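Here is a brisk tour of one model.

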Amino acid sequence: MKKILLLCLAINYLECSPNHGSVVETPNGPVRGVQNEKGDFTMYLGVPYGVVDEDNPFGDAKPSPKFTSVFEAVSDSTLCPQYSGRPVGDINCLKLNVYAPNNIQPKDKLPVMFYIPGGGFIGNIGNREMLGPELLMKHDIILVTINYRAGIYGFLCLDIPGYNNQGLKDQVLALKWIKDNIESFGGDPNRVTVFGQSAGAMSIDILFLVKEPLFQRAIIQSGVALTPWVIAKMNNSVPINVAKELGFKGDDVKAALDYLKAINAVDVINVTHSLNIYDTENHPLTKPCVEMESEGAILIDYPVNLKPKVKDLDIMIGHTLREASFRYPVSDESYYDNYVFDIELRQDFNET
Ligand SMILES: *[C@@H]1O[C@H](CO)[C@@H](O)[C@H](O)[C@H]1NC(C)=O
Ligand SMILES: *[C@@H]1O[C@H](CO)[C@@H](O)[C@H](O)[C@H]1NC(C)=O
C-alpha cells in the first residue's frame, strides 16, 4: 500500500488520490473537483469564470476561455488583490467555488444558491476557509461562492467609460457563468437565489437595476443600494495619487493608469492601503459609481432614480444578527451616542 501511494505521488497525486471527484463535462470544458473529508459532497475549488486583461487590470474582464484539458478544481487559494493584514492577492482572481451534494439523482436539478461576499468594496474572500459550505450542504442545493475585484482594481470611479464598477461587472460575469454551466453540476439555472451581506447585499440590490434578469430570488442582508454611502463620486485623483506614490510624475489619469498597469498588484495594494483612500466618514472612495452611458455601463443613474428591471422576484431582506458588533470593542461611548443621528442622518439629508 505504501509503495502504491508513493508511486501515485510520483506519477500524479490527483490521478490516484482516493478522494478526487469524477470529471464533470461543462459547456466551458471538463472540470474535476475533490470530495470533502466525509465524502458527502464534491467541491470544485477555484474554477475560473472570467479573465482579467493583464495589460489592463482596471478594465473589463472577459469570460473564461474553454478548458482544452481537464481543469483540476482543487485549490481556492487565489484572492483578488486586497489588504488583509498585509497586501495579498493576484489579479488573475476571477474564480468561484461550486459545492454539490453527492447523493443526488442525475435527473434532479437542484436550486442554486450564489453568494456574493461583503468587504466594503475594498476586499472580499470567497474561499472555503472563509465561507465553509458544511451547513448549506445539509440541504439539497448547489452552492456557489465567488471572488470579485475590489478596491482600486474593482471600483475606480473615473470619468472615462470602462473604468467603473469592474467588481459589479465581475459579478455579472459570474452569474452568466452560472446560467451557462451550473446544470452540469446538477444545478437548475432557472432557480438561482443570489444572497450576500453588506457590500455583497448592496451589490445585489444594484444588480436588480441591470437589464438582463440573471437570477430568480434574492436574500439581502445588511445593506441596500440606497445605503447613504454606497455610491462613489467620480474622482480621477485616486489612481493618480497612487501612481505618484509609486514614482509617477504628472496629472494625466490615463498615463497614471498605464503606469500602474505595469506594477505588481501587491505593491499597488500596499500603497493604496498606506494612502488610506477613505472619505471623512471612513467610507472607502472606491465603490460603485454612476457611469457615463457606454456599451458596457451597468449603472447609469443613482439607484434612487432607477426602477428595478426585474419583475416577479422573490426577495428576503434583513440584517445579520448583531451586525457590525465588531465595532463594539473599538468604539467609545460617544460613537454610539452620535452614530445614527449625527452621521447617517446628516448624510441622508445632505446637511453638514
Ligand atoms: C478624491 O480622492 C482623493 C484621494 O485620491 C481624496 O483625497 C479626495 O477627498 C477625493 N475627493 C472627493 C470629492 O471625494
Ligand atoms: C508595504 O509598504 C510598507 C511601507 O509603507 C513596507 O514597509 C512594506 O515592506 C511593504 N510590504 C510589501 C509586502 O510590499
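## Ligand shells

Ala, Val, Leu, Ile, Met, Phe, Trp, Tyr, Cys and Pro count here as nonpolar, Asp, Glu, Lys and Arg as charged, and the others, Gly among them, as polar. By that scheme the shell around ligand 2 splits into two nonpolar, two polar and two charged residues. The model itself is predicted. Arg 86, Pro 87, Val 266, Asp 267, Asn 270 and Ser 274 surround ligand 2. Helix H8 (residues 265-275) gives the largest share of this shell, four residues.

Ligand 1 has its own set: Lys 233, Asn 235, Ser 237, Val 238, Asn 241, Ile 277, Asp 279 and Leu 285. By class, that shell holds three nonpolar, three polar and two charged residues.

How many of the residues of strand S9 (residues 95-101) are buried? Seven of the seven are, so S9 is largely enclosed by the rest of the structure. In a regular strand the side chains alternate between the two faces of the sheet. Both faces of S9 are covered. Lys 95, Asn 97, Tyr 99 and Pro 101 are buried on one side, and Leu 96, Val 98 and Ala 100 on the other.

S9 pairs with strand S3 (residues 41-48) through six bridges, and the two run antiparallel. In this pairing Thr 42 stands opposite Ala 100. Four bridges join S9 to S11, again antiparallel. There Val 98 stands opposite Val 144.

## Strand S10 and its partners

Strand S10 (residues 110-116) is mostly covered, with five of its seven residues buried. Do S10 and S12 run parallel or antiparallel, which is to say, what is their direction? They run parallel, joined by six bridges. Tyr 115 stands opposite Phe 195 in S12.

S10 is also joined to strand S11 (residues 142-146), by four bridges. This pair runs parallel. Val 112 stands opposite Ile 142 in S11.

Helix H4 (residues 166-181) has 16 residues. From first C-alpha to last it reaches 22 Å, close to the 22 Å expected at 1.5 Å a residue.

The buried residues are Ala 199, Gly 200, Ala 201, Met 202, Ser 203, Ile 204, Asp 205, Ile 206 and Leu 207. What covers them includes S10, H4, S12 and strand S13 (217-221).

## The nonpolar core

Which residues have the most contacts inside the largest nonpolar core? They are Val 98, Val 112, Phe 114, Ile 142, Val 144 and Ile 178, in a core of 85 residues. H4 supplies the largest share of this core, seven residues.

Take Ile 178. Leaving aside neighbours within four places in sequence, Ile 178 is in contact with Val 112, Phe 114, Val 144, Pro 189 and Val 192.

Ser 198 is not a glycine, yet its phi is positive, about 55°. Ser 198 is found in the loop between strand S12 (187-197) and helix H5 (199-207). Is Ser 198 buried or exposed? A residue counts as buried if 20 or more other C-beta atoms lie within 10 Å of its own. Ser 198 has 22 other C-beta atoms within 10 Å, so it is buried.

Asn 276 also has a positive phi, near 55°. Its place is the loop between H8 and strand S14 (314-318). The cut-off for exposed is 12 or fewer. Asn 276 has 9 other C-beta atoms within 10 Å, so it is exposed.

## Sequence distance and spatial distance

Val 24 lies in strand S1 (residues 20-26). Val 24 is buried, with 22 other C-beta atoms within 10 Å. Val 24 and Phe 185 are 161 residues apart along the chain, while their C-alpha atoms are separated by 7.0 Å. Beyond neighbours within four places in sequence, Val 24 is in contact with Pro 30, Val 31, Ser 184 and Phe 185.

Ser 69 and Ile 231 are 162 residues apart in sequence and 42 Å apart in space, C-alpha to C-alpha. Ser 69 sits in the loop between strand S5 (62-63) and strand S6 (71-72). Ser 69 is exposed, with 7 other C-beta atoms within 10 Å.

Definitions and conventions:
Residues are numbered from 1 along each chain as its sequence is written. Chains are lettered from A and ligands numbered from 1 in the order in which they are written. This is a predicted model: local features need pLDDT of at least 70, side-chain atom pairs count only at pLDDT 80 or more; totals for chains, interfaces and linings use all residues. The expected span of a helix is 1.5 Å times one less than its number of residues. A residue is near a molecule or strand if its C-beta atom, placed from the backbone, lies within 6 Å of it. Two strands pair if DSSP finds at least two bridges between them. Two residues are in contact if their C-beta atoms, placed from the backbone, lie within 7 Å. A nonpolar core is a set of buried Ala, Val, Leu, Ile, Met, Phe, Trp, Tyr and Cys residues joined through C-beta atoms within 7 Å.
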